[in-house]
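You asked for a quick tour before you start clicking around. Have a look at the model first, then read on.

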Amino acid sequence: MLLRPPFRLSLLFVSALCSAAHAQHRGEADAPAYVGLPSTGKIDANRVVSERHGVQPQEGAQQEQKPAEPKRKAAAAEKPPAPAAAAKAGEFAIPAGGITGVVIESTGRAAQSDVPLTFGQVFAPGDLPRGATLAGKLADGTLLPLQLDVKASHPDGSVRHAVISAILPRLGAGNDVGMALVKTAAKAGNAGAPDTGAAPDTVVTLVVDGERYTASSAALLKAQKAQAWLQGPVVTELQVAAPLRNAKGAEHPHLAARFAIRWYGAAKQARIDVTVENDWAYEPDPRNITYDATITAGGKQVYARQGLPHYHHARWRTLAWTGEAPELHLRHDTGYLIASRALPNYDRSVVVRDDTLAKLAAEWNGPKTEPMGVGLAVRAMPTTGGRNDLGILPGWAASYLLSMDTRAKMVTLGTADLAGSWPIHYRDKRTGLPVSLIDYPYMTLLGKASDTRNPKTGKFEAFPVCAKEACKTPYRADSSHQPNFAYLPYLVTGDYYYLEELQFWTMYNSFSSNPGYRKNVQGLFSPGQVRGQAWSLRTLGEAAYITPDGHPLKRHLNDLLDSNLAWYNTTYSANPSANKLGVIDHGYAVVYRSKTAVAPWQDDFFTAAVGHVAELGFKNAEPLLKWKVRFPVGRMVGEGACWMAGANYTYTIRPARGAPLFDTIGAAYAATVGPERAALPCGSDQLAAALENKPGDMGGYSASATGFPSNMQPALAYAADVSGEAGRKAWAVFMARSVKPDYGKAPQFAIVPRQAPAR
């Protein structure tokens, strides 16, 4: 068997080069172009709202509508960029009659036959009932058999997320195939016993301080009961893992290998997915380890690296194929993904600029894209300032969602692969899973060892000390500046590696605080910075939503989310004594201007995160959201306030340190801008001059896609959907401002209301 090696310039680039869902650029590799979005099934937005929330759309608002064809937006002060190459008429046509669909785009120079294909797909509530099967409808009416591995379900039992696999009989060079996902009455084929067929033995060899350690996929498949991640007539994926062993059979105390062997019987091909880890949670003497690494499959070398420094509590991944790797790029229906509410309502009229996509591709090179690199993420998360990696989605992922461009996908999946390099991965050797507060409610990275004593067991649950000199790493993780690495990659690929990344980061956010402050097993995020609470809640909500139904962590993730939402509702939305402004005021919130002011942009992050969690269908987030949107709405259109200061860096909410908060947003506004400015007419040139802004400008870096008004936009979008006329008015005023960003450069904050404001 011929084994195609990974791309030599970057190991992790193989995820874009070799996977059925990861492909090279269309046409010439050095001249890719934006080619448009597929559009398929329609969703009844009213039904999605009703299924998720048990309510009908608000009166006075128009129903959610399909947006107009994308129009490029450019900042007024800029010369509009040259448009990217336009899609050919009908190029992405998908047959009618499907729930949704995909476009399979050939990236090869020759025709391909028996092409293996696997991808993840999210479904809106009710669209794919429990027990239903799917077929792929092609343009000529042919129904292609599909294997459906259901992973997560909605409360009504319908499919929420599934991994879909097929063998495409033929894919012509340079051709695109539209495929609708249609329900069919045909019974699913018999999966039979899990089988990896003729998949070659994959061997990881690490030479550590002159001693050789190995792990073999074939040996582990014989010795263990493998986990079947995919199983059916099209493909089987079996997963096994174990510590590496030396020639005497002794385990290495820290290093382990994980194999996911995916076998397509009809195509006689296998995808080899290997992860090497240094992440046991409670193994004594954790440390960085430098080694020489070699990976072979069927005796053929697929990866080699001398002197690879493997940081503590980190992992790295590589992919390879037997035979020729499928040369294709798969485009999901962005409109359906967004309308399902699995993702925020990103503005589909934004066209991601071609120079933005080209820049992403140009930056994807060098050591940062190789094992123990972090891709395009900022190496020190606490770094301040406007950044492309922050938001409900990072900039590269939002660019991918809105463009379905192969360059943005390469960076999105590649940076998710490299999220394993951060020293936040703590795996329970006993369960084989990311550590859980259920098992270790007193574990922590902060506080004293005495804080970690579990009174039920009498044991201390502190992680073993990682000696400073033995654990140096160039990366600093935190929750307050944490990108969303893995959610979208898992959504669209169904790769188990990305699911675990999402879970690892969720658990890190849960145990990186003092156990007493977080209420131990409750895992409360409230002790952290407001922005840290926001991103932690975002990641937890997504993990609880998308983790498979039968996964051992599913219930725990939901319990963690319930605990956090209960705390916020008890403290704020259900508390008659809570402040009237709708602002987070506990803990580290009121730390500005001698502890009289908050950072409204951090508060807006939190509002947006709550809105996202509410849209995922978690009903306990709804009352919190309705209470929370008071603050962004008040800053825009509240009585006595003016939108021109709504996106200030700080906003004063009480007259003195320790004093009660203001009862009205007008009083808070006057304290923020001062009485003389507060007396000037809102929207006037005089007020703009007093605020040192241009007429019609909100300030706060308004022209920047990462400025404070942009940070505010998602919060206002959710407000427009849940807070009635006031929310819609706030949105209208916000959109009427004269200085706006070009989201074609970085669309991570380009979220808009689900329902068009009434006219």
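Below are a few numbered points to go with the picture.

1. One thing to keep in mind from the start: this is a predicted model.

2. Let's begin with helix α6, residues 395-403. Nine of its nine residues are buried, so the helix is largely enclosed by the rest of the structure.

3. What covers α6? If you follow the chain just past α6, you reach methionine 404, which has a positive phi of about 55 degrees.

4. Next, a sheet. It is open and built from three strands in the order β3-β7-β6, with antiparallel pairing. The edges belong to β3 (112-122) and β6 (147-153); each has a single partner strand, so one side of each has no neighbour in the sheet. On average, neighbouring strands here are turned by 15 degrees against each other, ignoring direction.

5. Zoom in on one pairing in that sheet: β3 runs antiparallel to β7 (residues 159-171) over ten bridges. To get your bearings, find proline 116, which sits opposite isoleucine 167 of β7.

6. There's also a hairpin to look at, made by β9 and β10 with two residues between them. The strands, residues 202-208 and 211-216, pair in the antiparallel sense over six bridges. Valine 207 faces arginine 212 of β10, and in the turn aspartate 209 has a positive phi of about 50 degrees.

7. How many disulfides does the structure hold? Two, and counting bonded cysteines along the chain, their pattern is 1-2, 3-4.

8. Cysteine 466 is partly exposed at 24% relative accessibility, whereas cysteine 471 is buried at 9%.

9. The other disulfide joins cysteine 642 and cysteine 682, with sulfur atoms 2.1 Å apart. This link is right-handed, with 80 degrees about the S-S bond. It ties together distant parts of the chain, 40 residues apart: cysteine 642 lies in the loop between α14 (630-637) and β20 (651-652), and cysteine 682 in the loop between α16 (675-678) and α17 (685-690). Cysteine 642 is buried at 2% relative accessibility, while cysteine 682 is partly exposed at 42%.

Technical notes. Residues are numbered from 1 along each chain as its sequence is written. This is a predicted model: local features need pLDDT of at least 70, side-chain atom pairs count only at pLDDT 80 or more; totals for chains, interfaces and linings use all residues. Side-chain values use heavy atoms; hydrogens and water are left out. Buried means under 20% relative accessible area, exposed over 50%, partly exposed in between (1.4 Å probe, protein chains only). Helices (H or I, at least four residues) and strands (E, at least two) are DSSP runs, numbered from the N terminus. Two strands pair if DSSP finds at least two bridges between them. Axes are lines fitted to C-alpha atoms, for helices over the stretch in contact, and angles run from 0 to 180 degrees between N-to-C directions. A disulfide is a pair of cysteine sulfur atoms within 2.5 Å.
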